[in-house]
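Subject: Structure handover

Hi there,

Here is the structure I promised to pass on to you. Please open it alongside this message, and my notes follow just below.

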Amino acid sequence: MEEKEYKRIIELLDDAYKTVRMGTYAIDCIIDKIENKDLENLMRKQNSYYLESTKSIEAIANEYKHELSDINLMAKGSSFVAINMKTMMNKETSHIAQMLIDGTTIADMSLIWKCGLLMIV
């Protein structure tokens, strides 16, 4: 495998890993604030998907003999503060659902953009 291709794969693995780890972290921060049981169950299901994805990404990284980079403390801290500030002002189910949709959309678009960018380079 070419060095350039290897680096692209490693970068995508790191980005995907950080994305699913941040998703899990965000769900852990917000799950206790959810009052609607249907939304809570959906978030638990989404969290299970993220945890499965984490294991899959770790397995692929092991095949490439790469140690994945986790999300940094600053990202965790700012996410924690943002979640708590936004839910302190509004704990309605629709607001929390929108927060989760926004976070997922931003993460997905970031990965899609990076995939496209990496394929062009």
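Methionine 85 counts as partly exposed, because its relative accessibility is 43%. Please keep in mind that this is a predicted model. Methionine 85 sits in helix 3, which covers residues 73-89. Together with Phe80, Val81, Met88 and Met89, Met85 makes up a nonpolar surface patch of about 570 Å².

As a general point, nonpolar side chains in soluble globular proteins tend to be buried together.

Which residues does methionine 43 touch, once those up to four places away in sequence are not counted? They are Ile27, Ile31, Ile34 and Leu100.

Isoleucine 71 is another residue to look at. Its place is in the loop between helix 2 and helix 3, and at 12% relative accessibility isoleucine 71 counts as buried, because the cut-off for that label is under 20%. Leaving aside neighbours within four places in sequence, isoleucine 71 is in contact with Lys18, Arg21, Met22, Tyr25 and Lys76.

Finally, the aromatic rings. There are 2 aromatic pairs by the rule used. One of them is formed by tyrosine 6 and tyrosine 64, a tilted pair at 6.1 Å centre to centre with 50° between the planes. Tyrosine 6 lies in helix 1 and tyrosine 64 in the loop between helix 2 and helix 3, so this pair ties together parts that are 58 residues apart in sequence. Tyrosine 6 counts as partly exposed at 27% relative accessibility, and tyrosine 64 counts as partly exposed at 24%.

Tyrosine 49 and tyrosine 50 also form a tilted aromatic pair, with 6.1 Å centre to centre and 50° between the planes. Is tyrosine 50 buried or exposed? Tyrosine 50 is buried, with a relative accessible area of 11%, whereas tyrosine 49 counts as partly exposed at 49% relative accessibility.

Happy to hear your thoughts whenever you have a moment.

Best wishes

Definitions and conventions
Residues numbered from 1 in each chain as written. Predicted model: local features only at pLDDT ≥ 70, side-chain atom pairs only at ≥ 80, totals over all residues. Heavy atoms only, no water. Contact = heavy atoms within 4.5 Å. Patch = residues over 30% accessible without salt bridge, like charges linked within 9 Å, V, L, I, M, F, W, Y side chains within 5 Å. Areas by Shrake-Rupley, 256 points an atom, 1.4 Å probe, with all protein chains shown as cover. Salt bridge = Lys/Arg side-chain N within 4 Å of Asp/Glu carboxyl O. Helix = DSSP H or I, 4+ residues; strand = E, 2+ residues; numbered from the N terminus. Buried < 20%, exposed > 50% of the residue type's maximum accessible area, 1.4 Å probe, protein only. Phe/Tyr/Trp six-rings, centres within 6.5 Å; stacked < 30°, edge-to-face > 60°.
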